Amino acid sequence: MREIVEKLYKIETELRRRRENDHLAAYNTGEVKHEKQLAFHKCPKRNRWVFGGNRSGKTECGAVECVYMARGIHPYRENRQDVCGWVVSLSLQVQRDVAQKKILRYLRRDWIEEIVMLSGRKDSPESGIIDFIRVKNALGGSSVIGFKSCDQGREKFQGASLDFVWFDEEPPEDIYRECRMRVMDRRGDVFGTMTPLKGLTFVYNEIFINRRNDPEVWYEFVEWSDNPYLDEKEILLLEGSMDERTLQARRYGRFASAAEGLVYPEFDEGIHVIEPFDVPMEWQDTISIDPGLNNPLSAHWYAVDFDDNVYVVYEHFEAGRDIDYHADAIKRICERLRWKTDSRGRICALIDSAAKQRTLSGVKSVVELFYERGILVNPDVEKDLFSGISRVKSYLNQKNGLPNIYIFKSCVNLIRELKGYYWGSGDAPRKADDHSLDEMRYYLMTRPKGSLGSGAKSEIQRDKEKRLRRLKQGNIKF
């Protein structure tokens with residue numbers, strides 16, 4: 001009887017030890033996980049990135065994702081047997097101190113079949129450099145988590161066929177592209193967790209700016225306040241010790257270059273960009289055009305609700321076309337939207353005042369050419385750059401905490417320009433990729449601003465606030 005009691009005690013002791021050291025179980029039950037980590041795990045896309053500040057929890061979700069896949073226990077994806085994946089760090093030292101430390105934290109010891117070391121002792125892998133870990137797969141067989149460092153060079157990343165690659169911080173572009181090739185034949189995943197300290201690199205262009213051109217790309221920003229376990233006093237202390245550019249990267253995970261900052265940091269794709277809906281005819285306002293022939297012509301259709309909130313509901317954006325082409329395109333869009341016209345059936349629009357100049361063969365101006373094609377364009381717009389930027393900012397961020405402008409997600413070029421508009425030298429924005437932004441400024445400068453944000457909120461405004469709160473909490477459609 002005594003032997004049975006001793007065996008039961010040993011079993012209970014071992015189970016208690018496992019529970020105490022089962023950090024993945026704690027993560028799964030929500031003890032150490034926040035909502036944006038959950039969104040990352042739930043996302044079905046194959047190229048996922050978490051841009052986060054230091055201590056925002058981004059590395060935790062990357063390590064857990066690797067363990068989920070290797071063990072074949074992912075709660076939101078179809079699991080596989082005999083999974084092979086890589087964890088990619090910037091250097092062997094960073095691998096030891098960050099990525100492999102996190103993997104070992106979430107990988108229970110009884111799940112490990114074998115650890116192969118590059119240096120150090122396998123009975124104390126935390127202090128050495130791991131080559132790979134062989135993991136028991138819950139579906140049968142075994143999986144391999146290999147470790148790579150970018151300072152090994154691209155050649156060390158060739159040849160393998162992989163189910164996943166996790167980039168712990170931003171890799172060089174050639175290694176990123178080589179790893180994309182490694183997951184191709186297995187239709188595997190790449191995912192990255194990084195603080196964007198290097199400025200406007202290829203990740204900025206390929207993932208952040210051009211996400212909508214690749215249906216498999218997803219990203220999320222994670223900042224200190226998203227991590228419910230960071231002390232508020234510590235956040236305030238750290239915040240006060242950083243300049244604006246450092247704060248944008250290290251707290252918010254935002255991209256910025258050394259010499260330039262975002263013109264519109266107020267723009268938040270999760271708040272300002274909404275699903276298209278049928279706009280009531282009484283909300284229709286006007287069209288704004290930034291003309292171009294070799295350069296893109298940008299035109300957007302603007303609507304205004306009863307609370308003076310602006311909606312950008314449609315976009316025409318194309319380069320290398322003549323006036324006939326653009327006029328026909330604008331007419332077709334107006335017909336599709338059942339857009340209002342004046343009493344003589346003409347389409348009305350705003351346009352850059354430079355369109356009054358007779359630059360085409362010296363005969364007729366762009367204003368006259370549009371007029372002949374049934375589009376009445378008004379070139380009397382306010383073009384002061386800094387006043388216009390200030391006006392856009394006021395619409396993006398009102399005092400009541402809600403914006404006064406919403407952009408349909410189909411307006412991809414306007415969204416792209418808002419995200420990529422940076423200050424250059426001489427206290428002026430860089431003059432590039434700003435065609436949509438120019439005509440948005442022209443339009444917003446025609447809007448009266450005196451009454452916005454004051455007085456009692458209407459029923460529509462209160463409903464909008466409720467919807468936005470639900471949007472933030474549950475990521476539902478607007």
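Guide: A nonpolar core is a set of buried Ala, Val, Leu, Ile, Met, Phe, Trp, Tyr and Cys residues joined through side-chain atoms within 4.5 Å. Buried means under 20% relative accessible area, exposed means over 50%, and partly exposed lies in between (1.4 Å probe, protein chains only). This is a predicted model, in which local features need pLDDT of at least 70 and side-chain atom pairs count only at pLDDT 80 or more, while totals for chains, interfaces and linings use all residues. Residues are numbered from 1 along each chain as its sequence is written, and side-chain values use heavy atoms, with hydrogens and water left out.

Visitor: Which residues touch the most other members of the largest nonpolar core?

Guide: In soluble globular proteins, nonpolar side chains tend to be buried together. Here the largest nonpolar core has 54 residues. Those that touch the most other members are Tyr264, Ile287, Ile289, Trp301, Ile330, Phe370 and Met440.

Visitor: Which strand gives the most to this core?

Guide: Strands (E, at least two residues) and helices (H or I, at least four) are DSSP runs, numbered from the N terminus. The strand that gives the most spans residues 297–304 and supplies six residues. Its name is β11.

Visitor: How many residues are in the second, separate core?

Guide: Among the members of this second core are Ala63, Cys66, Phe164 and Trp166. The number of residues is 34.

Visitor: Which residue is the bridge partner of Trp86 in β5?

Guide: Strand β2 (residues 84–89) has five buried residues out of six. Six bridges join β2 to β5 (residues 142–149), and the two run parallel. In β5, Cys84 has Val144 as its partner, and the partner of Trp86 is Gly146.

Visitor: And which residue is the bridge partner of Trp86 in β6?

Guide: Strand β6 (residues 164–168) is joined to β2 by four bridges, and these strands run parallel. The partner of Trp86 in β6 is Val165.

Visitor: Are the residues of β5 buried or exposed?

Guide: Ser142, Val144, Gly146 and Lys148 point one way from β5. Ser143, Ile145, Phe147 and Ser149 point the other way. On both sides, the residues are all buried.

Visitor: Which residue in the turn of the hairpin formed by β4 and β5 has a positive phi?

Guide: Strand β4 (residues 129–136) and β5 run antiparallel and are joined by five bridges, with Val135 partnered by Ser143. Five residues lie between the two strands of the hairpin. The residue with a positive phi, about 120°, is Gly140.

Visitor: Which residues does Lys156 contact, leaving aside neighbours within four places in sequence?

Guide: Contact means heavy atoms within 4.5 Å. Lys156 lies in the loop between β5 and β6. Beyond its sequence neighbours within four places, Lys156 is in contact with Trp86 and Lys148.

Visitor: Why does Ser365 count as buried?

Guide: Ser365 sits in the loop between β13 (347–351) and α12 (366–372). Ser365 counts as buried because its relative accessibility is 4%.

Visitor: What separates the C-alpha atoms of Ile389 and Val263?

Guide: Ile389 is placed in helix α13 (residues 385–396). Not counting residues up to four places away in sequence, Ile389 touches several residues, including Val263 and Tyr264. Ile389 and Val263 are 126 residues apart along the chain, and their C-alpha atoms are separated by 8.1 Å.

Key. Two strands pair if DSSP finds at least two bridges between them.
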